[in-house]
Amino acid sequence: MATTSLSSTKSCCVKKEEEGMARRFWLKFRKESALSLYTPFVVCLASGNLRVETFRHYIAQGVHFLKAFAQAYELAEEYADDDDDKFAICELRKSVLKELKMHDSFVQGWVSDLVKENTLNSATLKYTDFLLATASGKVEGVKGAGKLATPFEKTKLAAYTLGTMMPCMRLYAFLGKELQSLLDSNECSPFYKKWIDNYSSESFQASTLQTEDLLDKLSVSLTGEELDVIEKLYYQAMKLEIEFFSAQPLVQQTVFPLSKVLNPAEHRLMIFSAFDLTCTVVDSSAILAEIAILTAPKSDHHSNQLENQIARIPSAADLRNTWGVLSRQYTEEYEQCIETILLTEKAEKFNYEGLSKAVEQLSDFERRANARVVESGVLKGLNLDNIRRAGERLVLQDGSRCFFQSILKNEKFNANVHVLSYCWCGDLIRSALSTGGLHVVNVHANEFSYRESTSTGEITKKVETPIDKVQKFSHVLQNCKNDRKNLTVYIGHSVGDLLCLLKADVGIVISSSSSLRRVGTHFGVSFIPLFPGLVKKQKEYVDEGSSSWSSSWKGLSGILYTVSSWVEIQAFVLG
């Protein structure tokens, strides 16, 4: 990777007040970049116990990468029309050539022989072929390099080339910083430390930013359609780079991804997930409220013959007012309940029993709140077809549907998937999941009572409280066959999920509420970002010489893992 500071190319920098195109692309595809972290190669490297054979192979493949970069920079320099741009690209190429020399001294001779013996693996070949094809003008809808007639056309090809290289630089800068924060200099191999130090260095970080600026400058005069081409090239290059990290062959056991380390003959993967604000963008109660309001009769458009019926079903205006009162009352009493729980003595260490007793207060509150909703009559008169249509249109969290689809399609470990939810209406959940072909997901939720497909306003209460959730969680596991051991993963968001999250072998908190962290911390629960947690698990697994990877994951440890997206969860479970 290029590490020059490019101090003489400041003229290419765009104003920082206006976020550049290259930066926008990185932010847009940032979730995909997380996949590079969640590869066994990177986790083992970060843990300091990556086998040297694997690192040698990686360095050998990296040499091929750098050679392709140098060749692509040479072509891009020819295409650039501006002298400053040509100079900047030339400096980038020189830094790559210096890095190639650094590789020779870095590995003290053992890689040179390996490179001669080793052919490119398929992932390396895919990226280098893609890069050099782009640099040669082999881009859909673009003239070949030999047919470029004007300086503008040539500059466009230079931009396409840098757009294909930029994800690699940015990804290495990202990995360098992430791994540097976890580095234990006393235990890390000097080989790995030198690699991490290089890509986390200020010079490399600055070089990456300035290269992004250069790409922005080269793209200034491009049309919207041509910028779309760069975005597609950028995204494709990002995917190929992640494939490269995933393809590195390991000769050691790891604690993840679960799909790779789990033996279906011995273990059964059990996936549990909450629904509201874990899978969804909005709370289901808000959706049901909106259905009730939109389908309620308008108070000023009644016919006389409907007066008796309207007396039983509130108008839209009345419903909106009632929902507003119920919502405010729920929020106020919920916050009071949380504050009451936090008035108890803070635990010095993880205290599941104390947490369970505290959550009983929250359960009592949830029952009272639901009783008020039923008594108000706001859930009366909802049509089942309207509920199902709303479910089909319900916006889910980015990546959640894809995760469940991938889990269920993977026949290797025949996973069981269960959704546990406070939602008043299981039909809403089932409809939301059915749009992704997730009919086989087991839904455990409350249910509306209906009379001729119209809700009566009553709720059949099955999973009403945090205590109900954890009891249902335990009941599902108790009803599993004894032919295999269960490995349980619970994904949740709120205080109501805490007990289940902690009982699961792996509890994953996604975009947690502040109250969940406050209550959890009060009872000694530790919240650890998933990637650093994996690095620590991998290190312990090797240092302690564990005989089984499954011993690394145990419930009631008092540790919950936090993630910001479903992409991280999918990478952890499926790779």
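Analyst: The second largest pocket holds about 340 Å³ of space. A pocket here is an open set of points on a 1 Å grid over the protein atoms alone, where a 1.4 Å probe fits, with protein on both sides within 12 Å along at least five of seven lines. Grid points are joined across faces, edges and corners, and the volume is the space filled by probe spheres set on them.

The model is predicted: local features need pLDDT of at least 70, side-chain atom pairs count only at pLDDT 80 or more, and totals for chains, interfaces and linings use all residues. Residues are numbered from 1 along each chain as its sequence is written, and side-chain values use heavy atoms, with hydrogens and water left out.

Helix H3 (40–47) and helix H11 (224–246) each give at least two residues to the lining. Helices are DSSP runs of H or I with at least four residues, numbered from the N terminus. The largest share, 5 residues, belongs to H11.

By kind, the lining has 9 nonpolar, 4 polar and 3 charged residues. Nonpolar means Ala, Val, Leu, Ile, Met, Phe, Trp, Tyr, Cys and Pro; charged means Asp, Glu, Lys and Arg; the others, Gly among them, are polar.

For context, the largest pocket has a volume of about 950 Å³.

Terms used
1 Å grid on protein atoms, 1.4 Å probe; cavity = no way out; pocket = protein on both sides within 12 Å on 5 of 7 lines; lining within 4 Å.
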